[in-house]
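This note is intended for a colleague who is meeting the structure for the first time. Please read the points below with the sequence and the model at hand.

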Amino acid sequence: LCLACRSKSKKPPRYQVMLHNDEVNRREYVVKVLLKIVPTLTMDDAVNVMNEAHFNGMAAVILCTQEEAEDYCEGLRNNGLISTIEPAGPGE
């Protein structure tokens with residue numbers, strides 16, 4: 001394969017959108033924001049993410065491209081949540 005062909009078939013790096021626990025927002029509000037910003041999440045997904053962040057300090061919300069991760073992170077932050085993105089490990 002030529003170099004151009006190989007680079008096209010390579011998947012873009014994946015990023016995790018992380019939700020961090022905070023002492024300000026009510027749990028119901030966090031779930032509502034997660035559902036609004038990340039439309040692929042189900043109610044159960046959103047509740048699980050919220051609980052994991054609440055009990056463990058942070059939780060992975062979604063795995064996606066860097067551009068999508070930045071958009072989701074910004075959306076969560078614009079709604080008063082604490083969010084970051086980080087590169088996903090190999091195999092994630």
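The numbered points go from the basis of the model to the overall fold and then to single sites.

1. Basis of the model. This is a predicted model, in which local features need pLDDT of at least 70 and side-chain atom pairs count only at pLDDT 80 or more, while totals for chains, interfaces and linings use all residues. Residues are numbered from 1 along each chain as its sequence is written, and side-chain values use heavy atoms, with hydrogens and water left out.

2. Overall fold. The protein chain contains 4 helices and 3 strands, arranged from the N terminus as α-β-α-α-β-α-β. Helices (H or I, at least four residues) and strands (E, at least two) are DSSP runs, numbered from the N terminus. Of the 92 residues in the protein chain, 33% are buried. Here buried means under 20% relative accessible area, exposed over 50%, and partly exposed in between, with a 1.4 Å probe and protein chains only. Among contacts in the protein chain with a separation of 6 or more, 72% join residues 24 or more positions apart; a contact means heavy atoms within 4.5 Å.

3. Asp22. This residue sits in the loop between strand 1 (14-20) and helix 2 (27-37). Asp22 is buried and has no salt bridge, the nearest side chain of opposite charge being that of Arg27, 10 Å away. For charge, Lys and Arg count as positive and Asp and Glu as negative, whereas His and the chain ends are not counted. Which backbone nitrogen atoms does the side chain of Asp22 reach at 2.8 Å? One belongs to Val24 and another to Asn25. Such a polar contact is a pair of N or O atoms within 3.5 Å; within protein, one must be able to donate a hydrogen and the other to accept it, and residues adjacent in sequence count only if both atoms are side-chain atoms. Leaving aside neighbours within four places in sequence, Asp22 is in contact with Gly80, Leu81 and Ile82.

4. The largest pocket. Asp22 also belongs to the lining of the largest pocket, together with Leu19, His20, Asn21, Glu23, Asn25, Arg27, Val30, Met50, Ala53 and His54. Strand 1, helix 2 and helix 3 (43-56) each give two or more residues to this lining, and the largest share, 3 residues, comes from helix 3. The volume of the largest pocket is about 180 Å³. On a 1 Å grid over the protein atoms alone, a pocket is an open set of points where a 1.4 Å probe fits, with protein on both sides within 12 Å along at least five of seven lines; lining residues have an atom within 4 Å of a point. Grid points are joined across faces, edges and corners, and a volume is the space filled by probe spheres set on the points.

5. Salt bridge. How many salt bridges does a search of the whole structure find? The search finds 1, and Arg26 forms a salt bridge with Glu28, with the closest N and O atoms 3.6 Å apart. A salt bridge is a side-chain nitrogen of Lys or Arg within 4 Å of a carboxyl oxygen of Asp or Glu. Arg26 is exposed because its relative accessible area is 61%; Glu28 counts as exposed at 52%.

6. Ala88. The position of Ala88 is in the segment after strand 3 (82-87). Is Ala88 buried or exposed? Its relative accessibility is 18%, so Ala88 counts as buried. Not counting residues up to four places away in sequence, Ala88 touches Arg14, Tyr15, Gln16 and Leu63. Ala88 and Leu63 are 25 residues apart along the chain, and their C-alpha atoms are separated by 7.5 Å.

7. Asn78 and Thr42. Asn78 is in helix 4 (residues 66-78) and counts as exposed because its relative accessibility is 59%. Thr42 lies in the loop between helix 2 and helix 3 and is partly exposed, with a relative accessible area of 42%.
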